[in-house]
Amino acid sequence: MRKMNKRKSARIFLIVVILLVVLSFYFIPAFRTKVTQILMLFRSMNVDSIIGYLRSFGIWAVVISFLLMMFQSIIAPLPAFLITFANATVFGWWQGALLSWTSAMAGALVCFYIARIAGRDIIEKMNKNFSMETIDEYFDRYGRHTILICRLLPFISFDFISYAAGLTAIKPLPFLIATGLGQLPATIVYSYVGSNLTGNTKTIMFGLLSMFALFIAIYVCKQIYQNRQVKTEK
């Protein structure tokens with residue numbers, strides 16, 4: 001009974017927060033302008049613009065970067081790699097990598113809990129053809145691999161995976177560990193490259209890194225398929 005009351009209270013709190021954000025967007029011009037500006041930054045796909053935006057906050061740039069990463073996590077599918085590149089340029093490659101990694105994990109955890117508070121029963125009522133059992137089974141078998149692949153590929157929304165995971169039986173701690181392990185290699189590589197490249201060269205290098213990530217993803221998928229085949233034969 002107490003658990004049900006806590007869940008109900010959490011849902012009410014979530015609804016109130018969402019309503020406050022929506023009302024603020026429509027009735028507070030300064031808030032709407034700020035949100036629109038941030039969205040335009042992401043949509044421009046211009047790393048230099050985000051670098052300039054972060055530097056304009058001076059000593060508060062770290063906090064703004066952390067909040068930006070969490071913002072893009074909730075408002076999927078905004079590209080997180082733009083902030084990762086910008087962090088590396090503004091703060092240095094390893095400091096930027098640490099900031100990007102921790103803030104991305106925080107954002108993923110927020111998405112996870114938003115979905116968990118909303119509840120699978122609401123999602124299933126909204127879509128009668130939506131099978132949570134199938135997703136449960138998939139995450140139980142391939143959860144870590146799923147997170148690894150989606151984090152390596154910058155054009156796949158990792159945020160969606162965070163939301164989906166929150167609707168499954170996966171516990172928060174294993175999810176967070178898998179998230180951290182899955183995103184760490186790409187964060188380090190992107191941060192190192194981002195701290196050393198600018199302009200068109202950065203765009204070219206990002207394309208090469210995407211191809212590299214794709215090859216890794218294909219290899220991991222192949223390993224998953226082969227392991228599944230072995231289990232089936234047994």
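My entries below go from the whole chain to a few single residues.

**Ground rules.** I'm working from a predicted model, so local features need pLDDT of at least 70, side-chain atom pairs count only at pLDDT 80 or more, and totals for chains, interfaces and linings use all residues. Residues are numbered from 1 along each chain as its sequence is written, and side-chain values use heavy atoms, with hydrogens and water left out.

**Whole chain.** Next I checked burial: of the 234 residues, 38% count as buried. For me buried means under 20% relative accessible area, exposed means over 50%, and partly exposed is in between (1.4 Å probe, protein chains only). The accessible surface comes to about 14000 Å², with 70% of it on carbon and sulfur atoms; the areas come from the Shrake-Rupley method with a 1.4 Å probe, and for residues only the protein chains shown count as cover. I also looked at contacts, meaning heavy atoms within 4.5 Å. Among those between residues at least 6 apart in sequence, 74% join residues at least 24 apart.

**Largest pocket.** I found about 820 Å³ of space in the largest pocket. Its lining has 24 residues, and Val21, Phe31, Phe71, Ile74 and Ile75 are the closest to its centre. Helices α1 (2-27), α2 (29-44), α4 (61-74) and α6 each give two or more residues to that lining, and α1 supplies the largest share, seven residues. By type, I get 23 nonpolar, no polar and one charged. The volume is the space filled by probe spheres set on the points, which are joined across faces, edges and corners. Nonpolar covers Ala, Val, Leu, Ile, Met, Phe, Trp, Tyr, Cys and Pro; charged covers Asp, Glu, Lys and Arg; the others, Gly among them, are polar.

**Helix α6.** This helix runs over residues 93-118, 26 residues in total, and reaches 37 Å from first C-alpha to last, close to the 38 Å expected. The expected span is 1.5 Å times one less than the number of residues. Its buried residues include Gly96, Ser100, Ala108, Cys111 and Phe112. Just after the helix, Gly119 takes a positive phi of about 90 degrees.

Is Met105 buried or exposed? Met105 counts as buried because its relative accessibility is 14%. Leaving out residues up to four places away in sequence, Met105 touches Leu176, Thr179, Gly180 and Gln183. Ser73 is 32 residues from Met105 in sequence, yet 9.3 Å away, C-alpha to C-alpha. Gln95, also in α6, is partly exposed at 33%.

**Helix α9.** Seven of its nine residues are buried, Phe158 and Asp159 among them. Ser162 sits in this helix, residues 158-166, and counts as buried because its relative accessibility is 0%. Which residues is Ser162 in contact with, leaving aside neighbours within four places in sequence? I listed Ala108, Cys111, Phe112 and Phe175.

Key. Helix = DSSP H or I, 4+ residues; strand = E, 2+ residues; numbered from the N terminus. 1 Å grid on protein atoms, 1.4 Å probe; cavity = no way out; pocket = protein on both sides within 12 Å on 5 of 7 lines; lining within 4 Å.
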